[in-house]
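Below is a short briefing on a two-chain model. Please read it alongside the sequence and the coordinates.

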Amino acid sequence: MLELRSVDAGYGTFQALFGINLDVRAGEAVGVIGPNGAGKTTLMRVISGLIRPTNGTISMEGRDVVATAAHRIVDLGIAHVPENRRLFPRLTVDDNLKMGAYMPGARAKYAERLEFVFDLFPRMRERRSQVAGTLSGGEQQMCAIGRALMSDPKLLLLDEPSAGLAPVVVQQVFELVKRIRSGGLTVLIVEQNVQQVLKVVDRAYLLEAGTIRASGTSEEMLSTDTIKQAYLGV
Amino acid sequence: MQAFLDTFDIYLLEAVVNGILLGGVLALLALGLNLIFGVIDVTWICYAELVMIGMYGMYYMVQVFGLPYWAAAPIAILLVAALGAALHYIVIAPLLTAPPINQLLATGGVLFILQSFATVAFGIDFRNLGIRLPVLAIGDMHFSYSRLLAFVAALLGMLAIYFFMKRTYTGTAIRAVAQDRQIMSLMGVDTKRIYLITSALGGALAGLAACLLVLQYDVHPFVGLSFGPITFLICVLGGLGNFVGGFIAAFVFAQIISLGGLYSDLEWGYVLAFAFFIVMMFIRPAGLLARRS
């Protein structure tokens, strides 16, 4: 579904990603793990068009992502839940969700998608007229995921969904990811919480210093010595 | 003594009502400027000059080409909306990432261009529509219909903007851009298009103000100076970009001007308003309704 081939990207003169090759097949959940500053967030941003690659190709279901205007990439079926959630803090939950359905195709299905999101997150229905900035951390994460789901995406990019949340809430967020997956949605998830994320995904990539060091199924990754030592502390 | 008090109260009441009526148009202007500042993060120093161009548009359509007022007004609003969009496209868009001082100087330059253009094209004569609306007399109090009309139309204009911002996708996107412009493309929003629409809206509000003010004031190339500075003070007092603050500040200023004008003359009303502004800047430098952050 999603294909990255030798992608380079960075900010100004600083290069953050070096020759990334990555695949996500339809229906899969794929994780990208790695330390702080490895380029995980940059990887997400380059897929959703927030920054453009300096080299390489990205395609989504055979369509060229790099040649698509940034604001049209949503239309290819890619929805990005950015790092730190980035809700519109002074808009209500309803208005935040409405922004997720901004594209003409999504507007037509607005009512249907809203029901879907409210069924997934009943809490959002209760909070719908509340201003997003006053939600709790877990609720904000629900709202951010809900906003991304409003566009009826095929591929959901989740950037550090557990960051800044209490341990109990982190559990809930990963439960949510499982539920979203079971609905048939393809997920690419970036996480520092390696132990948790490997329980939810089918495959994972290890990203270090802007290059992919290892990849494999969750079981393979769990049994890799470097990952055991560096990320799991075993 | 009693007779003196009676007349005094009537004049006071008349001034208060006139202040409220003036506040409507000032609030309309402040909303336009706040919209531009809040969403695009630039200040249109030349905002009142857009109003001036709109007033000339009305003058030419009504006096020279003989269009009825009601037909000319929508054309003038569209004209100034297009001017606002052009201002953004030609002047602001290339300077979006420039330092704020450069943006200020650029729109300041547009102010002088528009004033000079008007001087060359229209001359420095004072012109008016030649429409004199009747005066409403309630007891001994007199209110001009042109002010009542301006007040009602300004409120309707603001109400229209309010519903546009609350109900439509584009309006919601305009409010969202003001809060987080970097992630708008993730929503599928073309920020450039939103800026252009916002600029056209700001222009349309200036156009509406022009249609209302041209009934009360003569047009000349420097007429913008009569409401430009006061509009800025209102926006700053209300907190730049804060719509509700601007609305309240407009009525506060209008009362000061109107009541100051009652006890002395109109110029003193303005002096009082500006003095009040300076004092308020010491007390609440971030505006009346400053957000605690």
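In chain A, strand S1 (residues 2-11) and strand S4 (residues 55-60) run antiparallel and are joined by 5 bridges. Helices (H or I, at least four residues) and strands (E, at least two) are DSSP runs, numbered from the N terminus. This is a predicted model, in which local features need pLDDT of at least 70 and side-chain atom pairs count only at pLDDT 80 or more, while totals for chains, interfaces and linings use all residues. Residues are numbered from 1 along each chain as its sequence is written, and chains are lettered from A and ligands numbered from 1 in the order in which they are written.

- A:Asp8 has A:Asn55 in S4(A) as its bridge partner.
- An open sheet of 4 strands in chain A has the order S2-S1-S4-S5, with antiparallel pairing; two strands pair if DSSP finds at least two bridges between them.
- Strand S2 (14-24) and strand S5 (63-64) of chain A are the edge strands, each pairing on one side only.
- Helix H1 (residues 40-48) of chain A packs on the sheet and touches S1, S2 and S4 of chain A, its direction making about 70° with that of S2(A). Axes are lines fitted to C-alpha atoms, for helices over the stretch in contact, and angles run from 0 to 180 degrees between N-to-C directions.
- Because 8 of the 9 residues of H1(A) are buried, this helix is largely enclosed by the rest of the structure. Buried means that 20 or more other C-beta atoms, placed from the backbone, lie within 10 Å of the residue's own.
- Among the buried residues of H1(A) are A:Lys40 and A:Arg45.
- A:Gly49 follows H1(A) and has a positive phi, near 90°.

**Contact between the chains**

- In chain A, 22 residues are in contact with 14 residues of chain B; contact means that the C-beta atoms, placed from the backbone, lie within 7 Å.
- Helix H2 (residues 93-100) of chain A gives the largest share of the chain A side, 4 residues.

- The axes of helix H2 (residues 47-64) and helix H8 (residues 224-238) of chain B come within 8 Å and cross at roughly 145°.
- Residues of H2(B), including B:Tyr47 and B:Met52, meet residues of H8(B), including B:Phe227 and B:Thr231.
- The largest nonpolar core has 165 residues, and B:Leu26, B:Met55, B:Val80, B:Ala209, B:Ala210 and B:Phe253 have the most contacts inside it. Such a core is a set of buried Ala, Val, Leu, Ile, Met, Phe, Trp, Tyr and Cys residues joined through C-beta atoms within 7 Å.
- Helix H1 (residues 2-40) of chain B supplies the largest share of this core, 15 residues.

Terms used
Contact = placed C-beta atoms within 7 Å. Buried ≥ 20, exposed ≤ 12 C-beta atoms within 10 Å, placed from the backbone.
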